Amino acid sequence: MPHISKRLSQISESQTVALNSLMARMRREGKDVVALGAGEPDFDTPDHIKEAAISSIKEGFTKYTPADGIMELREAICAWLTKQYEADYSANEIVVTCGAKHAVYEGILAVVDPGDEVLLPAPYWVSYPEQIKMAGAVVKVIDSKQENGLKITAEELEAAITDKTRLLILNSPSNPSGAVYEKEELDALVRVIKKSGIFVLSDEIYDTIIYDGRKYTSLIGYKEIRDQLLLVNGVSKSFAMTGWRIGYLAAHKDIVTAVKKYQGHSTSNPTSISQKASLAGLLGDTDFLKTMNKAFTERRDYVHKRLNSMKGVSCILPQGAFYAFPDLSFYFGKKGIKGSMELCGYLLEKYNVAIVPGIAFGMDNNARLSFATSMQVLENALDRIENGLTSLL
Ligand SMILES: Cc1ncc(COP(=O)(O)O)c(C=O)c1O
């Protein structure tokens, strides 16, 4: 057996591996499995973005770039943040990364020392706890309540802060719940963040996928915590560009310089061609965002209504992103089902429908359904879920 370092052996494999392999096996056996697990828009990358990538290849823009990304892209990111949120960031406060996921990891590495505590509201995106552990830090989960819309309150944040707390990770709109923090809720959280002096990493990767005409409030608008803020965003979800791997971190220039150094020795730079494509996305027409959101709204309404009409199921209305996160705990204890993993296993095995157990997001009462798929698939999947749950009664 080869020696595997402590750093990497402590990483948990995704909790959903067993279910994914079961699904793969069922599909190999020719079973018709409907999956609502996707974490990416089902829309194609817009043509003008693809064209920019093709031109950059033809023009030979295929070599290394500066470690923190090309100046034009960093400037375009600053302009985008100004347009969206009236932020005043300059290019030396931006580092372009290989996807938002890496921006989160590098942000954590930049400000957290081994042994520091990182506050993580649950439900949380699956990669945060593992990234915190890889940085040698300690995960401190703050559980949110269904009656508070699966968001934490300022009081809960304040109570969780100790003298070891270095960082809070916030994710709004949330993967997995679709919850979005309102301005008043953020005002209260910011007062606690400011007073305590901790850093806050705000993962706003779903900021443009917002429903009901709501105006999204970004933490970048709070000048009083400018030096404490690490803002993460990218083009993956907004521009339907998950495979292009471009994200960014906006932060104090010393944090950005530290990340640039690390990046220079690890990934070198994000792909040159993808940087040009992202530039075209940020500078180009954004009408397709409206088209995408219109389709997501229709699906969200449908999924939310269907779920809440099922006996014992309650689901908050997703206000952003493309996930619903119903509480299914009413079915625990029925026919020996103990938690979200077993319930999702049962739905997959017996009813050929795959959803993600809430335990993977730190909330066992729930499960995640992605509605980044067609209405037809959603109708089929929800029929199967309903039949599966009903037969447990
Ligand atoms: C909350 C959240 N942050 C970050 C990411 C990763 O984004 P990227 O594909 O740009 O690395 C995801 C992707 O699922 C996500 O859901």
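Of the 112 residues in the largest nonpolar core, Leu167 and Leu249 touch the most other members, where a nonpolar core is a set of buried Ala, Val, Leu, Ile, Met, Phe, Trp, Tyr and Cys residues joined through C-beta atoms within 7 Å. Helix H5 (residues 99-111) gives the largest share of this core, seven residues, and at least three residues come from each of domain 1 (6-44 + 288-390) and domain 2 (47-283). The model is predicted, and local features therefore need pLDDT of at least 70, side-chain atom pairs count only at pLDDT 80 or more, and totals for chains, interfaces and linings use all residues. Residues are numbered from 1 along each chain as its sequence is written.

**Overall fold**
- The protein chain has 13 helices and 12 strands, which are DSSP runs (H or I of at least four residues for helices, E of at least two for strands) numbered from the N terminus.
- The radius of gyration of the protein chain is 21 Å, close to the 21 Å that the globule rule gives for 393 residues, so the chain is as compact as a globular protein of that length; the radius is taken over C-alpha atoms, and the rule is 2.2 Å times the number of residues to the power 0.38.
- The C-alpha trace spans about 60 × 55 × 55 Å along its principal axes.
- Of the 393 residues, 46% count as buried, a residue being buried if 20 or more other C-beta atoms lie within 10 Å of its own, exposed if 12 or fewer, and partly exposed in between, with C-beta atoms placed from the backbone.
- Residues 24 or more positions apart account for 74% of the contacts with a separation of 6 or more, two residues being in contact if their C-beta atoms, placed from the backbone, lie within 7 Å.

**Domains and their contact**
- The chain is divided into domain 1 (6-44 + 288-390) and domain 2 (47-283), with bounds that come from an automatic or database domain assignment.
- The C-alpha centres of domain 1 and domain 2 lie 26 Å apart, and the contact takes 32 residues from domain 1 and 30 residues from domain 2.
- On the side of domain 1 that touches domain 2, helix H11 (287-309) and strand S9 (323-324) each supply at least two residues, and the largest share, five residues, comes from H11.
- That side of domain 1 divides into 15 nonpolar, 11 polar and six charged residues, with Ala, Val, Leu, Ile, Met, Phe, Trp, Tyr, Cys and Pro counted as nonpolar, Asp, Glu, Lys and Arg as charged, and the others, Gly among them, as polar.

**Ligand surroundings**
- Of the 13 residues around the ligand, Gly99, Ala100, Lys101, Asn175 and Ser236 come nearest, a residue being near a molecule if its C-beta atom, placed from the backbone, lies within 6 Å of it.
- H5 gives the most to this shell, with three residues, and by class the shell has three nonpolar, eight polar and two charged residues.

**Backbone features in loops**
- A cis peptide bond with omega of about 5° joins Ala122 and Pro123, and Pro123 has its place in the loop between strand S3 (117-122) and helix H6 (127-134).
- The peptide bond from Ser172 to Pro173 is also cis, with omega near -10°, and Pro173 is found in the loop between strand S5 (165-171) and helix H8 (183-196).
- Arg245, although not a glycine, has a positive phi of about 60°, and this residue is buried, with 20 other C-beta atoms within 10 Å.
- Lys335, likewise not a glycine, has a positive phi of about 45°, and this residue is exposed, with 10 other C-beta atoms within 10 Å.
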